[in-house]
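Subject: Structure for your review

Hello,

Here is the structure we discussed, with the sequence alongside. My notes on what turned up in it follow below.

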Amino acid sequence: MPARAAQDDYDSPWKEAVEHAFPEFMEFYFPDASRQIDWARGHRFLDKELQQIVRDAALGRRHVDKLASVTTHTGEEDWLCVHIEVQGSMDPGFARRMFVYNYRIFDTYDRPVASLAVLADPDPEWRPDRFGYERLGCRHSLQFPVAKLVDHAADETALLGNPNPFALITAAHLFTRRTRRSPAARFDAKRRLVRLLYERDWTRQRILDFFSVLDWMMRLPQELEQRLWQDIEKIEGERKVKYVTSVERLAIERGLQKGMEQGLEIGIEKGIEKGIEKGIEKGIEQGIEQGRVQGTASVLLRLLNRRFGPLSPDITRRLSQSTPEQLEIWAERVLDARAIDEVFAEN
């Protein structure tokens with residue numbers, strides 16, 4: 001499989017989007033299955049159960065896989081195993097992996113499982129939807145529904161006019177692929193999608209959730225990123241709201257509000273970099289003193305993501321499990337580090 005461009009990270013934003021709005025995900029990609037589910041009775045993700053299956057099976061590289069429990073209109077509890085294949089080319093082992101997931105979940109938990117697949121590759125002809133074998137009169141097979149993102153590329157107007165948030169996510173994915181070699185075109189596409197966010201009749205939190213997905217998916221060079229934020233400020237000024245431009249303050253609200261606000265004020269007056277540095281120092285000092293370790297980790301996570309791009313699950317896990325002393329050391333290194341490994345070096 002060809003190496004994926006460093007600035008284009010698909011797996012994490014897709015996982016976030018599915019968790020934010022699972023009913024809408026099902027409605028957009030699998031409407032027939034969605035109509036059979038009683039969404040009023042809720043749903044829950046079965047992360048521990050899926051981890052057990054993954055741990056016990058040699059399934060190769062996994063992408064975005066979710067296991068969820070839902071209730072149908074007939075009152076039956078069903079398990080849905082959703083696979084999102086987000087890679088640059090077809091995978092000859094994909095259908096077999098779907099088959100293995102399905103029978104291993106059934107064998108381990110004695111539960112019928114509906115397997116569904118979203119394929120985000122650009123090949124319109126590759127549509128694996130079954131796997132099985134027959135030996136000596138014994139036949140064993142799995143056939144599963146498939147949703148193909150490239151099918152939406154032909155009708156961009158309908159995609160952008162669809163109120164379902166996964167219409168915008170699908171558009172963002174297609175635009176990201178299309179603009180790999182044109183930062184200017186990607187800037188225009190991203191600005192267009194962000195403006196559409198504000199035209200939806202959504203809550204503030206939903207706008208923030210899906211802006212985060214778009215922002216993570218559609219990476220821009222630093223100078224274009226700054227232009228985009230200026231445009232977002234204008235949009236929010238027109239609409240008299242502070243949604244997306246408040247993203248930078250979310251970490252403050254979670255634990256370092258006072259220190260970071262002071263740092264940002266200094267940054268406005270004396271230079272952004274110096275202000276951020278002082279904000280980190282003051283935020284960490286107050287966060288540690290007040291026991292706000294979670295807020296400190298949130299600030300550091302945002303800064304690392306800004307400086308070095310999408311973070312690996314291992315880095316995210318280390319931040320969530322770190323001590324106040326470790327967070328203080330890492331935060332002091334983040335401004336001068338040339339690579340993320342320097343932030344977390346043992347010495």
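**Helix H2**

The buried residues of H2 are Phe22, Glu24, Phe25, Met26, Phe28 and Tyr29. Please keep in mind that this is a predicted model. H2 spans residues 22–29, and because six of its eight residues are buried, the helix is largely enclosed by the rest of the structure.

**The chain as a whole**

The protein chain has 347 residues, and buried residues make up 46% of them. Its secondary structure comes to 16 helices and seven strands. Taking contacts between residues at least 6 apart in sequence, 66% join residues at least 24 apart.

**Lys148**

Lys148 belongs to strand S7, which covers residues 146–148. A polar atom of the Lys148 side chain lies 2.9 Å from the backbone oxygen of Asp123. Leaving aside residues up to four places away in sequence, Lys148 touches Leu119, Asp121, Asp123, Pro124, Trp126 and Arg127.

**Helices H8 and H10**

H8 runs over residues 183–199 and H10 over residues 222–239; their axes come within 11 Å and cross at roughly 25°. Angles under 35 degrees count as roughly parallel, so H8 and H10 are roughly parallel to each other. The crossing of H8 past H10 is right-handed.

On the H8 side, the residues that meet H10 are Pro183, Ala184, Phe187, Lys190, Arg191, Val194, Arg195, Tyr198 and Glu199. On the H10 side they are Leu224, Glu225, Arg227, Leu228, Asp231, Ile232, Ile235, Glu236, Glu238 and Arg239. By class, this contact has nine nonpolar and 10 charged residues, and no polar ones. As background for reading the two lists, an α-helix has 3.6 residues a turn, so residues three or four places apart point the same way.

**Ala345**

Ala345 lies in the segment after helix H16, which covers 340–343. With a relative accessibility of 29%, Ala345 counts as partly exposed.

Regards

Technical notes. Residues are numbered from 1 along each chain as its sequence is written. This is a predicted model: local features need pLDDT of at least 70, side-chain atom pairs count only at pLDDT 80 or more; totals for chains, interfaces and linings use all residues. Side-chain values use heavy atoms; hydrogens and water are left out. Helices (H or I, at least four residues) and strands (E, at least two) are DSSP runs, numbered from the N terminus. A polar contact is a pair of N or O atoms within 3.5 Å; within protein, one must be able to donate a hydrogen and the other to accept it, and residues adjacent in sequence count only if both atoms are side-chain atoms. Contact means heavy atoms within 4.5 Å. Axes are lines fitted to C-alpha atoms, for helices over the stretch in contact, and angles run from 0 to 180 degrees between N-to-C directions. Angles under 35 degrees count as roughly parallel, over 145 as roughly antiparallel, 65 to 115 as roughly perpendicular and the rest as oblique. A crossing is left-handed if the near helix is turned anticlockwise from the far one by less than a right angle, and right-handed if clockwise. Ala, Val, Leu, Ile, Met, Phe, Trp, Tyr, Cys and Pro count as nonpolar, Asp, Glu, Lys and Arg as charged, and the others, Gly among them, as polar. Buried means under 20% relative accessible area, exposed over 50%, partly exposed in between (1.4 Å probe, protein chains only).
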